[in-house]
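Dear colleague,

Please find below the structure I am handing over to you.

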Amino acid sequence: MAKVYVFLADGFEDVEALIPIDVLRRGGVDVVTVSIMDFPLVASAHGVNIEADIMFEQGDYDDADLLMLPGGMPGASNLFKHTGVCKAVMNQFAAGKKVAAICAAPAVVLAAIGVLNGKKATCYPGFEKALAEAGATYTGDLVTVDGNVTTAEGPAAAFPYAYELLTQLVDKQTSDQIAEGMRFKHLMA
């Protein structure tokens, strides 16, 4: 079973965290939510409080198949300020393992720590300058995959992003079955 850690910081964008968590868990992926704050309870950008499964210090991220960063502001900035998160993501990337970020997080975190240098990536419109400054090529797509890095544009991309990650971690058939069961394919028809 694939293992994913989702880092949660105060100000995270609700759907960018919760939709991928939900989709991946439906697909049989072991998803662990991680509070990087002082308490397990993390406040979303829209005032929804989520109790994380573990505190950052309790995690051993070497067993991760994927590290995921939700966007939202100031959530993405709070992730970037956390040296442990940045170090875990850099180690994951350097080991050739999967890293994913959505909305502001590709620019505010991944670009800032050098993960996107030479990569194609997307992010929330208005943050693309940070990608270019970090040596990335901005695609403007809903979801962009380049090697072991997956990025997504923003809240509306949360479902396609989640299904792409499920395809990578499990398989396309499972991802398609979950998408159909959640009526996503009907929505997009």
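With a relative accessibility of 45%, Asp53 counts as partly exposed. Please note that the model is a predicted one. The side chain of Asp53 meets that of Arg25 in a salt bridge, at 3.0 Å from N to O. This pair links distant parts of the chain, 28 residues apart: Arg25 belongs to helix 1 (residues 14-26), whereas Asp53 lies in the loop between strand 4 (49-51) and strand 5 (54-55).

In total, the structure holds 7 salt bridges. Another of them joins Asp30 to Lys3, with the closest N and O atoms 4.0 Å apart. Here too distant parts of the chain are linked: Asp30 is in strand 2 (residues 30-35) and Lys3 in strand 1 (residues 3-8), 27 residues apart. Asp30 has a relative accessibility of 29% and therefore counts as partly exposed. Asp30 and Lys3 belong, together with Asp63, to a network of salt bridges.

A further salt bridge is formed within one helix. The side chains of Glu133 and Lys129 meet at 3.8 Å, N to O. Both residues lie in helix 5 (residues 128-133), 4 residues apart, which is about one turn of the helix. In general, an α-helix has 3.6 residues a turn, so residues three or four places apart point the same way. Glu133 and Lys129 are both exposed.

Turning to the strands, strand 11 (residues 149-152) has Val149 and Thr151 pointing one way and Thr150 and Ala152 the other, and all are buried. Side chains in a regular strand alternate between the two faces of the sheet. Strand 11 pairs with strand 7 (residues 98-102) in the parallel sense over 4 bridges, and Val149 is the bridge partner of Val99. Strand 11 also pairs with strand 10 (residues 143-146), in the antiparallel sense over 4 bridges; in this case Thr151 is the bridge partner of Thr144. The hairpin of strand 10 and strand 11 has 2 residues between the strands, and Gly147 takes a positive phi near 65° there.

Finally, helix 6 (residues 158-169) has 12 residues and reaches 16 Å from its first C-alpha to its last, close to the 16 Å expected at 1.5 Å a residue. Its buried residues are Ala158, Tyr161, Ala162, Tyr163, Leu165, Leu166 and Leu169.

With kind regards

How values were computed
Residues numbered from 1 in each chain as written. Predicted model: local features only at pLDDT ≥ 70, side-chain atom pairs only at ≥ 80, totals over all residues. Heavy atoms only, no water. Expected span 1.5 Å × (residues − 1). Buried < 20%, exposed > 50% of the residue type's maximum accessible area, 1.4 Å probe, protein only. Pairing = 2+ DSSP bridges.
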